[in-house]
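Visitor: I would like to learn how to read a model like this one. Please take me through it feature by feature.

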Amino acid sequence: MSLAALQERFLAAVLDEAPIEGVAPAEAIEVYRRNARANYRAALAAAYPVVCRLVGEAFFAEASRRFTRAHASASGDLHGYGAGFAAFLGGYAPARALDCLCDVARLEWALHESFHAADAPGLDFGALARIPAARQGELRFRLAPHVRLIRSHHAILAIWEANQPDGDGTPERVEGPERVVVFREDGESRPHAIDESSWRFLEALGRGASLEAASDALGAQAQSQLPALLARWTSAGVIGSFEAAQDCA
């Protein structure tokens, strides 16, 4: 058996609960299994502390074990492990009674990704000022790399806030919908509730829409808010850069 084949069988034996003969003694495999499970569970618990609090340690440990069996890490960096956990919870039968759990997990992963995202270079206001007013509608503003947008039918931000270490677990409200933008401030990723106008504007920019198209997304009655929205989210660092057509740059 080649070394590569042996390594593949050993990894399968560590991740699977069934014994695989010819790889290593069962006792040795079990040691590796315990260590692997503990590392994966710790990585998931670090990324999803509110989910863990909502369901309890025993439930979370079992969900983690089942997730790990189906989703082994493809990297040695466990900071990236757990991206599919929210989707897993959405189809995990024991979690059906808590229908907000999947979206709370989505919010937690957005915070996790935001914290580990690259720094934004910062908006070049000098270059922006040189764009002719007649061509400004063609600009495509880009959200900073650490920005994430989450929308839910549930009050996910209220649930998340109530389940912080100093919270009592009782959210101020339980009904949605809720629109949340996650971005980094002073080195910490934080979630903020936003109104429908801000959601439409930022969601359009996130899709790569031009400023004119983002304005159209606001609707006729909300288009007067465009200057204030642009100023607010630029000053907050949510809008991190822009692209201009080459003939107007």
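Visitor: Where is the place of S210?

Guide: Keep in mind that this model is predicted. S210 sits in the loop between α9 and α10.

Visitor: Is S210 buried or exposed?

Guide: Buried means under 20% relative accessible area. S210 has 14%, so it counts as buried.

Visitor: Which residues is S210 in contact with, leaving aside its neighbours within four places in sequence?

Guide: S210 is in contact with G137, E138, L139 and R140.

Visitor: Now a helix. Which residues of α11 are buried?

Guide: First the general idea. An α-helix has 3.6 residues a turn, so residues three or four places apart point the same way. Now the case here. α11 covers residues 226–235, and L226, L229, W233 and T234 are buried in it. These four span an arc of only 120° around the axis, which puts them on the same side of α11.

Visitor: Which residues are exposed on the other side of α11?

Guide: There, P227, A228 and S235 are exposed.

Visitor: What do the buried residues of α11 pack against?

Guide: Their partners are helices and strands: α7 (125–129), α9 (196–206) and α10 (211–218), together with β3 (175–185) and β5 (239–243).

Visitor: What is the phi of G237, which follows α11?

Guide: The phi of G237 is positive, near 85°.

Visitor: Over how many bridges do β3 and β4 pair?

Guide: Six, again in the antiparallel sense; β4 covers residues 188–193. V181 has H192 as its bridge partner in β4.

Visitor: What do β3 and β4 form, and how many residues lie between them?

Guide: A hairpin, with two residues between the strands. Look at D186 in the turn: its phi is positive, about 50°.

Visitor: One last residue. Is E57 buried or exposed?

Guide: The cut-off for exposed is over 50%. E57 has 63% relative accessibility, so it counts as exposed. Its place is in helix α4, residues 57–70.

Visitor: What separates the C-alpha atoms of E57 and A45?

Guide: A distance of 9.4 Å, with the two residues 12 apart along the chain.

Note on methods
Residues numbered from 1 in each chain as written. Predicted model: local features only at pLDDT ≥ 70, side-chain atom pairs only at ≥ 80, totals over all residues. Heavy atoms only, no water. Buried < 20%, exposed > 50% of the residue type's maximum accessible area, 1.4 Å probe, protein only. Arc of directions from axis to C-beta. Contact = heavy atoms within 4.5 Å. Pairing = 2+ DSSP bridges.
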